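Here are a few notes to read with the model open beside you.

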Amino acid sequence: MEERDGAMALESGEDLRPPLRNLVHGLREVASQLREGESFWKSEDFDLQFFWKTLGVTLRRLVRDATMDIVEGVIQLLNVILSTPLQSLSQDQLTSTGGVWEACDRFSKIPKDNQAAVLSVMSSYAAIVEDALEEMEQARRADNPDPFSDIFDDDDDADLRENRDTYWSEADKQVMAPCLGLLKAAKACLKKVSGAMKTHGKVDTLQHITQLDDLGDITSEVSPSVDELVLSLYPPMNYITVQMNAAKVASVLNKVLEITKSSHMCPESESSWLQFLSGAIDHNMDKVKNLTQGTI
């Protein structure tokens, strides 16, 4: 009799919805704590403060974000289940379930230490910079001086394309050259710093872990500054904006080199490329200033 009553309750789904709603509420509390920072849960057998201290900031962020993806995915799945008949199987349920599995798969691929974590995020920054550089080099190499030629290809847009504001002037092209030099320096900087980190990076002391995190933080500023510079290079080119954005790129790159130079990842064998890149950054920035000075 009890088994039959349980089966009937299961069919109706009435007894399952309250615990599912409670589970959603509990997971939302977990998600809120993750957004705010680490939990203050303590155990006699587990030193949470030591755990977070030795984990390192960059790896901690990756772990937190990956955990958030899983928790939020489960919340979404439960909400879908609660909004449909419990005995049915909808496409939304299948999609949400797949999202949870994908989040779990990404979690299993989290870097194992802070060195690998910083290298992982730096790799993503380098890919963005490389794409931005390739975008501008392709636009400059085109025979047509109109960088928007692949957008306006309809006869109806002929009048718009005759507007000289969509074309680079000869002066614009001269300004672009050292700006591309800065983009190349940004690409080389991320590549060489990553190489030094792979070869010399350590996670054996808190100081070494902190130095890795410092590089992860400063390199995160490279791709946004590069994006701003690239956007300002499209016509009509405003030289004041170009100079400001170029100066931002140069400043970020110099900070990257300074932090690298003062870290454990920079023995004497790495000093030559540091000096070369520093000189290349200053040289291109000086050229940008000289070419735009008369317009400011």
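1. The crossing of α8 and α11 is left-handed (the near helix is turned anticlockwise from the far one by less than a right angle). Helices here are DSSP runs of H or I, at least four residues, numbered from the N terminus. A word on the basis: this is a predicted model, where local features need pLDDT of at least 70, side-chain atom pairs count only at pLDDT 80 or more, and totals for chains, interfaces and linings use all residues. Residues are numbered from 1 along each chain as its sequence is written, and side-chain values use heavy atoms, without hydrogens and water.

2. The axes of α8 (residues 170-200) and α11 (residues 239-261) come within 11 Å and cross at roughly 20 degrees; axes are lines fitted to C-alpha atoms over the stretch in contact, with angles from 0 to 180 degrees between N-to-C directions. The two helices are therefore roughly parallel (angles under 35 degrees).

3. Which residues of α8 and α11 make the contact? Among them are Val175, Leu182 and Val193 of α8, and Val242, Leu253 and Thr260 of α11 (contact means heavy atoms within 4.5 Å).

4. The largest nonpolar core has 51 residues, and Met136 and Val222 have the most contacts inside it. Such a core is a set of buried Ala, Val, Leu, Ile, Met, Phe, Trp, Tyr and Cys residues joined through side-chain atoms within 4.5 Å; buried means under 20% relative accessible area with a 1.4 Å probe, protein chains only. α8 gives the most to this core, with 13 residues.

5. Do look at Val222: residues it touches include Ala186, Leu190, Leu253 and Val256, leaving out those up to four places away in sequence.

Methods
Angles under 35 degrees count as roughly parallel, over 145 as roughly antiparallel, 65 to 115 as roughly perpendicular and the rest as oblique. Buried means under 20% relative accessible area, exposed over 50%, partly exposed in between (1.4 Å probe, protein chains only).
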